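User: I'd like to learn how to read this one. Can you walk me through it?

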Amino acid sequence: MPLTLLPDQDDQMPPEGFIIPHWISPRTEEQRLPQAKLNFEVEDYIGTELLSRERLRFSSETFEISRFGFHSSPRPWLQPQVVAKLDKMRRRTPLTEKEMVSLIDDLAKISVEFYDIEKGKFIAARFDGRIVESANTQIELLLKIQGRDFGVPVFVWEAGSESFLGWRI
Amino acid sequence: MTQKPEKVKICKNYRKKAAYITIEGTIPNPQTAAQVPLRFECRIDTGFDGGVLVPVRYKSDTQSIGVRPTITNMTLADGQKINVYVCAAYLQAIEKCVFESPGKPILLVMCGLREGQFLGMDALKYCTILFDGPKQNFTIDI
């Protein structure tokens, strides 16, 4: 925000013959600036999932730039073979034990790399690779996820461990 | 300045050639503050690394307060792997010794149909137990 000197209520009008430099008078500055507005096309921001109320506004009237926002936190990119297995799960086709183990193994590794989780931390992750909760101990993690509904199954894993601890439907 | 709680010493005799103690606790739902009270006599099992092992029928009690237990597997003494349900619970009292609210967090393991509860090392870490096999008694220091 530009630094400006605000005039007192009594001194709204300058005395005759007194020249106010344009940089200390917001009104003058506003008059000098062009009234052009930057209009965004839908294609410009649709990829970033900007919230409607937080769209970037450039206006000489407000001088306001709102913050960027996302509808949801970013999730890791999943390899095609992982996506294929998830699609199979969505179609309620049973996965073999080997497929399920490799799926959870892949998801756990992708999540830990994406979110940069330290080894030894306990995490609860969704099947789309998003970590919903993390804690230092298993009991602490169970207390955090206890009673919460994530809408999808979550699995519990100790980062760096070769086997996962369990899952919750 | 907080006052240090007094140490409690409990001496008990073996029953049916095993050590049994009475515990109290709760299964909490931190989201709704609902809880299921637990009170039973447990057999001390130093070979079990969980907190408390209870029959699988407790699963319906946890579900009644909106807690869905996590499915995991456990290895039995004979090497057999079985699926069990686990959730977090609070251990609030061992015999007459009451812990500060909400209690000590422990792992509650639900498996098997046979009645009987076991107290494992995850719960026993909060106290010191001295077993005297020839005299058939044990002492708990909390």
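Analyst: Two residues count as in contact if their C-beta atoms, placed from the backbone, lie within 7 Å. Here 13 residues of chain A are in contact with 17 residues of chain B. Bear in mind that this is a predicted model: local features need pLDDT of at least 70 and side-chain atom pairs count only at pLDDT 80 or more, while totals for chains, interfaces and linings use all residues. Residues are numbered from 1 along each chain as its sequence is written, and chains are lettered from A and ligands numbered from 1 in the order in which they are written.

User: Which elements give two or more residues to the side of chain A that touches chain B?

Analyst: Elements are DSSP runs numbered from the N terminus: helices (H or I) of at least four residues, strands (E) of at least two. On that side of chain A they are α5 (138-145) and β4 (166-168), and α5(A) gives the most, with four residues. By type, the side splits into seven nonpolar, four polar and two charged residues; Ala, Val, Leu, Ile, Met, Phe, Trp, Tyr, Cys and Pro count as nonpolar, Asp, Glu, Lys and Arg as charged, and the others, Gly among them, as polar.

User: Which residues touch the most other members of the largest nonpolar core?

Analyst: Such a core is a set of buried Ala, Val, Leu, Ile, Met, Phe, Trp, Tyr and Cys residues joined through C-beta atoms within 7 Å. This one has 49 residues, and those touching the most other members include A:Ala125, B:Cys87 and B:Leu108. Strand β6 (residues 81-94) of chain B gives the most, with eight residues. Leaving out residues up to four places away in sequence, B:Leu108 touches B:Ile27, B:Gly51 and B:Val86, among others.

User: What order do the strands take in the open sheet of chain B?

Analyst: Strands pair if DSSP finds at least two bridges between them. The order is β1-β11-β10, with antiparallel pairing. β1(B) and β10(B) each have a single partner strand, so one side of each lacks a neighbour in the sheet. β10(B) and β11(B) pair over five bridges, and B:Phe131 stands opposite B:Phe138.

Technical notes:
A residue is buried if 20 or more other C-beta atoms lie within 10 Å of its own, exposed if 12 or fewer, and partly exposed in between; C-beta atoms are placed from the backbone.
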